[in-house]
Structure formats: C-alpha cells, structure tokens
Amino acid sequence: MRAAADFARTVRSGVRSGRRNVVLYGAMTSSDAPSRVGFIVGKNVGNAVARNLVKRRLRHVMAEWIRTHPQGFDVVVRALPASAGAEWQDVHRDVTGGLAAVVRKLERSQVPEKEGRVS
C-alpha cells in the first residue's frame, strides 16, 4: 500500500488494535483483491537506523501473515516509539496478537444480524 488515500481509508473506516509497540488498523476488501500492507514509522521512533530496523522487522512479520491471508485485507501498521528498543520476540508477539484481534473484529462486523434478536 503506498497511496495516502489507501492509508486514510484503512485507518478511518477500519478497525483498530493497539499494543505496546504497534497499532494496527485493518479493513476488509473484496475477497478476490490481494491483501495489502502499509507501514507508518515516524521520526518519533528514532533515527534512520532505528526506523529501518523496525521496518524490516515489521515487514518480516507481515510477510508471514500475508502467506496465510493472501486476499481480502488492507492493513496499516503504525510503529510506536517503544518498538525501537523492543526485542524481536516482543515486536513479533505484538504484531501477531494485534493482527488476530483485527481479523476477529472484522469478521464479527461482517456477520449479518439475526432477525428478532434482542440486544
């Protein structure tokens, strides 16, 4: 994902899941559209070396996720400042946990309401 409009649509209209090192935003697309991922790693994360390390780690985790979800999702991953000093296992756990929560929320929002159900 590269266009600012795609990022904005996913962040504004999708679901959100926050963790210590990252915030993930997700939106469902058509089931035949390839899944896309965008990254936001701002200067508040650290210098260029730290930001690039964080981006490499995030790309690695997302590549694993894309293999299991090749179609139907747009995801934006925003790195938080804590991610620069975090261990690899912590980043991996936060991203995978956040992704699971995003997918759960998206699937829940896609289930049609049953008739006659009282909330």
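How closely do the axes of helix H2 and helix H3 come, and at roughly what angle do they cross? In this predicted model, local features need pLDDT of at least 70 and side-chain atom pairs count only at pLDDT 80 or more, while totals for chains, interfaces and linings use all residues. Residues are numbered from 1 along each chain as its sequence is written, and side-chain values use heavy atoms, with hydrogens and water left out.

The axes of H2 (residues 48-68) and H3 (residues 88-110) come within 10 Å and cross at roughly 45°, which makes H2 oblique to H3 (angles under 35 degrees count as roughly parallel, over 145 as roughly antiparallel, 65 to 115 as roughly perpendicular and the rest as oblique). The contact (heavy atoms within 4.5 Å) involves residues of H2 including Arg57, Leu58 and Trp65, and residues of H3 including Trp88, Val91 and Leu99.

A search of the whole structure finds one aromatic pair (ring centres within 6.5 Å; planes under 30 degrees apart count as stacked, over 60 as edge-to-face and the rest as tilted). Trp65 and Phe73 form this edge-to-face pair, at 5.5 Å centre to centre and with 65° between the planes, and both residues are buried (under 20% relative accessible area, with exposed over 50% and partly exposed in between, for a 1.4 Å probe and protein chains only).

Phe73 is also approached by Ser35, whose side chain reaches the backbone nitrogen of Phe73 at 3.3 Å. A polar atom of the Ser35 side chain likewise lies 3.3 Å from the backbone nitrogen of Gln71. Ser35 is itself buried, with a relative accessible area of 12%.

Definitions and conventions: Polar contact = N/O pair within 3.5 Å; in protein donor to acceptor, adjacent residues only side chain to side chain. Phe/Tyr/Trp six-rings, centres within 6.5 Å; stacked < 30°, edge-to-face > 60°. Axes fitted to C-alpha atoms, helices over the stretch in contact; angles between N-to-C directions. Helix = DSSP H or I, 4+ residues; strand = E, 2+ residues; numbered from the N terminus.
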